[in-house]
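Q: I would like to go through one residue and its surroundings in this model. Could we begin with its contacts?

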Amino acid sequence: MSNNGDVSNEDYLTEDVTNVPFGVLLKLVKSQMFFPLALIAVVAIKVVSKLKGRSDALNAVCRTSKPIEFADMPAQARIAFEGLANQLKGFRWVRFEQRPCLGLRQQYEALALHEDGCTIALCEWQHQMVVVLAVKGEDPVKTTEAVTTEFVSFEGDRSTIITSYIPREHMAALSLYDGGLGDVEAVSNDQRMEVAIEKHFGRLKGVSPNIMNEEGACKRAAQHSAKVVKHFLNLGLIRPLLPKEVPKLQEYRRKHAAEFEPYTRR
């Protein structure tokens, strides 16, 4: 166990691309940078992960989230969720949360409940930054934002129906799912969100989904989140942060604070 400024490595998880197929990883990375640079980056990542048995942590996300008021979120996160609110017809916000991060990453989450009580919307705004100094003439700062929404319904205690509304570049990652999370389908966000909503409710025909109030929605959302974490740990797609990686990510954040901090402002 490591403790650096009251930050324990045991509380954080990081992505591990060791078990991600080369082609899938390339599709994900090239959405963040030009193809030649993405190809070089993926080859380097794969070589390092093969030698070390793991990929290096570029950032990390806390296992637990904490409640936050909408007004206290960064401006970009508020703009993202305001945009979602205009599209989530029939849903109402139940709670907002911050997911503490290490490195050049920030993540905020929102839970919404449909008026009929049978479906929750799990919304996430994620911002990441990497600084690449190897290529002359390129802006070294690569920053990306992603907004995702999962429409989730539960039938009894075992059956879960999930319709993901995600960026097209994330669609490549669907091949990493093995059915362990439930019945998962996806709609690219280059289509209107109402397409995803209609698709999800169409999938509920012939199903008797559980009805949730706000307290029940929070409970089922937490259970689903824990199931997702366990599932991806078992697949080796995420891993616990190592003790030595905590100070490294903290220093990375301090070193590039001038570039990163403007994105965290309210």
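This is a predicted model: local features need pLDDT of at least 70, side-chain atom pairs count only at pLDDT 80 or more; totals for chains, interfaces and linings use all residues.

Q: Which strand does E109 lie in?
A: E109 belongs to strand β6, which covers residues 105-114.

Q: And is E109 buried or exposed?
A: E109 counts as buried, because its relative accessibility is 13% and the cut-off for buried is under 20%.

Q: With which side chain does the side chain of E109 make a polar contact?
A: The partner is the side chain of Q107, at 3.0 Å.

Q: Turning to the sheet, what is the strand order?
A: The order is β3-β4-β6-β7-β8-β9-β10, an open sheet of seven strands with mixed pairing.

Q: Which strands stand at the edges?
A: These are β3 (66-67) and β10 (183-188). Each has a single partner strand, so one side of each is left without a neighbour in the sheet.

Q: Back to β6: in what sense does it pair with β7, and over how many bridges?
A: β6 and β7 (residues 120-131) pair in the antiparallel sense, over nine bridges. Within this pair, L113 stands opposite I120 of β7.

Q: What about helices: which strands does α4 lie across?
A: Helix α4 (residues 193-203) lies across β4 (91-99), β6, β8 (141-155), β9 (159-166) and β10. The helix runs at about 165° to β9.

Q: And α5, which strands does that helix lie across?
A: Helix α5, residues 214-235, lies across β4, β6, β7, β8 and β9, and runs at about 45° to β4.

Methods. Residues are numbered from 1 along each chain as its sequence is written. Side-chain values use heavy atoms; hydrogens and water are left out. Helices (H or I, at least four residues) and strands (E, at least two) are DSSP runs, numbered from the N terminus. Buried means under 20% relative accessible area, exposed over 50%, partly exposed in between (1.4 Å probe, protein chains only). A polar contact is a pair of N or O atoms within 3.5 Å; within protein, one must be able to donate a hydrogen and the other to accept it, and residues adjacent in sequence count only if both atoms are side-chain atoms. Two strands pair if DSSP finds at least two bridges between them. Contact means heavy atoms within 4.5 Å. Axes are lines fitted to C-alpha atoms, for helices over the stretch in contact, and angles run from 0 to 180 degrees between N-to-C directions.
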